Amino acid sequence: MDKIIVQGGRSLKGEVKISGAKNAALPILVSSLLTQGRNIYHNVPDLKDIGSIKDLLSYLCADIETQGNTVAIKADGICKSEAPYDLVRKMRASILVLGPLIARVKKARVSLPGGCAIGARPINLHLKGLARLGASIELKHGYVEASADCLKGDDIYFDIPTVTGTENLMMAAVLAKGTTILRNAAREPEITALANVLNKMGADVQGAGSSVITINGVSSLNPVEVSIIPDRIEAGTFMVASALTKGDITLKNCEPDHLRAVINKLKLTGAEVLVSGKDIRVIGSEEIASIDIKTMPYPGFPTDMQAQFMVLMSVAKGLSMISETIFENRFIHVDELKRLGADITVSGNSAIIKGIPKLSGAPVMATDLRASASLILAGLVAEGQTEINRVYHLDRGYDAIEKKFAKLGAAVKRIK
């Protein structure tokens, strides 16, 4: 199993190109199931999760070609309607095939999904919504079994905003008869990106990016050629790295509007953040100010940036508090940061961090995708060597992160 070794103490400088967004690419690749013909997707990141979704689409008999960061998918003849456990257990986003399969082939049998162990992320909101559209839903032996002769639009309210739930129902509703209204829908940029692709296919999706999305069903869709939006979480991770190491990093190929909450918080820590078109330059300050953070659904502060900012606060001046409101188990990384010397106390859904002058390198273990990134960040400012084990989590969501850090001057290497 791979591990990453980080030798701390270097200030990072230079340029880094941000890859395509995993959380946008996954539903967009899945949307190919809704069409006949060859769909072409550019700026697709090279990640394990992308490989997993391609394996699943191939199992369903889609033809897939990959050349660099371009993926072509042709799903003319879907020969299976089952997504088996062995393919789905690796990644929660596999549940996204449920809506398109019901819409396209009228039935689906999808294993209950796996993914990072950061708390309960039930799919009951997906299932309730699909039932409102006319699907018959049963849970049997760890599988969702669904069927529908004809999906019909309805007015659906989500008890809480759900990103994959919103995406699943959007993809089901585009081929349903009549109008579907999704209320209290998720507002993330990845939702808007999927809606834009669906509309380019010929769908009629209005209001994406707001809490009310209206979908007028159409009879068929056409293949598209599109580019995946930049990854806002990868961008945020490198922004924190610059502030953390008192560095000077320019991020290329960003979408600054997707990062407003992160930018605002970074400025409060004392970092200088300069935005120019699709570029973001972050210059770290000599002294990091402590701030409080509360994770919220978009456009609030993203839960996927919580662990990275906790590292920043670990070496800030003074006390800070981070409150996690999205996932109940997303402080698993705290024990690993404490192994590096961080002074963190967890109480309920809040963590109190007392900043210290520097962390100390030690062997640590990654617990989930974003925690893995936070441990690399911690290693960058730790005295001595930090050894990060179980880094397979990283490969699910960061495209060659150790190589990008090395180009910025970090002493980072992967050991096979």
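Tutor: Start with pLDDT, the predictor's confidence in each residue, from 0 to 100. This is a predicted model, and the protein chain averages a pLDDT of 94. At least 70 is reached by 98% of the residues.

Student: Where is the pLDDT below 50?

Tutor: Over residues 115-121. That stretch still has 22 contacts in the model, beyond near neighbours in sequence. Where pLDDT is low, the predicted coordinates should not be read in detail.

Student: OK, cysteines. How many disulfides does a search of the whole structure find?

Tutor: One. C61 is joined to C79, with S to S at 1.4 Å.

Student: Where do C61 and C79 sit?

Tutor: C61 is in the loop between α2 (48-59) and β4 (63-67). C79 is in the loop between β5 (70-74) and β6 (82-83). The two are 18 residues apart, and the pair links distant parts of the chain.

Student: And how accessible are C61 and C79?

Tutor: C61 is partly exposed, at 26% relative accessibility. C79 has a relative accessible area of 46%, so C79 is partly exposed too.

Student: What about C150 and C254, buried or partly exposed?

Tutor: C150 is partly exposed, with a relative accessible area of 30%. C254 comes out at 2%. Buried means under 20%, so C254 counts as buried.

Student: Switching to helices. How do α8 and α10 pack?

Tutor: Two packed helices are described by the angle between their axes and the distance between the axes. For α8 (residues 232-244) and α10 (residues 306-314), the angle is about 5° and the axes are 10 Å apart. Angles under 35 degrees count as roughly parallel, so α8 is roughly parallel to α10.

Student: Which residues make that contact?

Tutor: From α8, they are I233, T237, V240, A243 and L244. From α10, they are Q308, F309, V311 and L312. By class, the contact of α8 with α10 has seven nonpolar residues, two polar and no charged.

Student: How do the axes of α8 and α9 cross?

Tutor: At roughly 5°. The axes of α8 and α9 (residues 260-268) come within 11 Å. Because of that angle, α8 is roughly parallel to α9.

Student: Which residues of α8 and α9 make the contact?

Tutor: G236, M239, V240 and A243 of α8 meet V262, I263 and L266 of α9. The contact of α8 with α9 divides into six nonpolar residues, one polar and no charged. V240 and A243 also take part in the contact of α8 with α10.

Student: Which residues of α9 are buried?

Tutor: A261, V262, I263 and L266. What the buried residues of α9 pack against is α8, β16 (272-276), β17 (279-283) and α10.

Student: What comes just after α9?

Tutor: G270, with a positive phi of about 110°.

Student: Which residues other than glycine have a positive phi?

Tutor: K106 and N184 are among them. Most residues other than glycine have a negative phi, and most peptide bonds are trans. K106 has phi near 75°, and N184 has phi of about 60°.

Student: Where are K106 and N184?

Tutor: K106 is in the loop between α4 (98-105) and β7 (107-111). N184 is in the loop between β11 (179-183) and α7 (189-201). K106 is partly exposed, at 38% relative accessibility. N184 is partly exposed as well, with a relative accessible area of 22%.

Student: Which peptide bond is cis?

Tutor: The one from Y298 to P299, with omega near 15°. P299 lies in the loop between β18 (293-294) and α10.

Student: And P297, where is that?

Tutor: P297 is also in the loop between β18 and α10. With a relative accessible area of 37%, P297 is partly exposed.

Student: What does P297 touch?

Tutor: E188 and I326, not counting residues up to four places away in sequence.

Student: How far is P297 from V311?

Tutor: They are 21 Å apart in space, C-alpha to C-alpha, and 14 residues apart in sequence. V311 is one of the α10 residues in the contact with α8.

Definitions and conventions: Residues are numbered from 1 along each chain as its sequence is written. This is a predicted model: local features need pLDDT of at least 70, side-chain atom pairs count only at pLDDT 80 or more; totals for chains, interfaces and linings use all residues. Side-chain values use heavy atoms; hydrogens and water are left out. Axes are lines fitted to C-alpha atoms, for helices over the stretch in contact, and angles run from 0 to 180 degrees between N-to-C directions. Helices (H or I, at least four residues) and strands (E, at least two) are DSSP runs, numbered from the N terminus. Angles under 35 degrees count as roughly parallel, over 145 as roughly antiparallel, 65 to 115 as roughly perpendicular and the rest as oblique. Contact means heavy atoms within 4.5 Å. Ala, Val, Leu, Ile, Met, Phe, Trp, Tyr, Cys and Pro count as nonpolar, Asp, Glu, Lys and Arg as charged, and the others, Gly among them, as polar. Buried means under 20% relative accessible area, exposed over 50%, partly exposed in between (1.4 Å probe, protein chains only). A disulfide is a pair of cysteine sulfur atoms within 2.5 Å.
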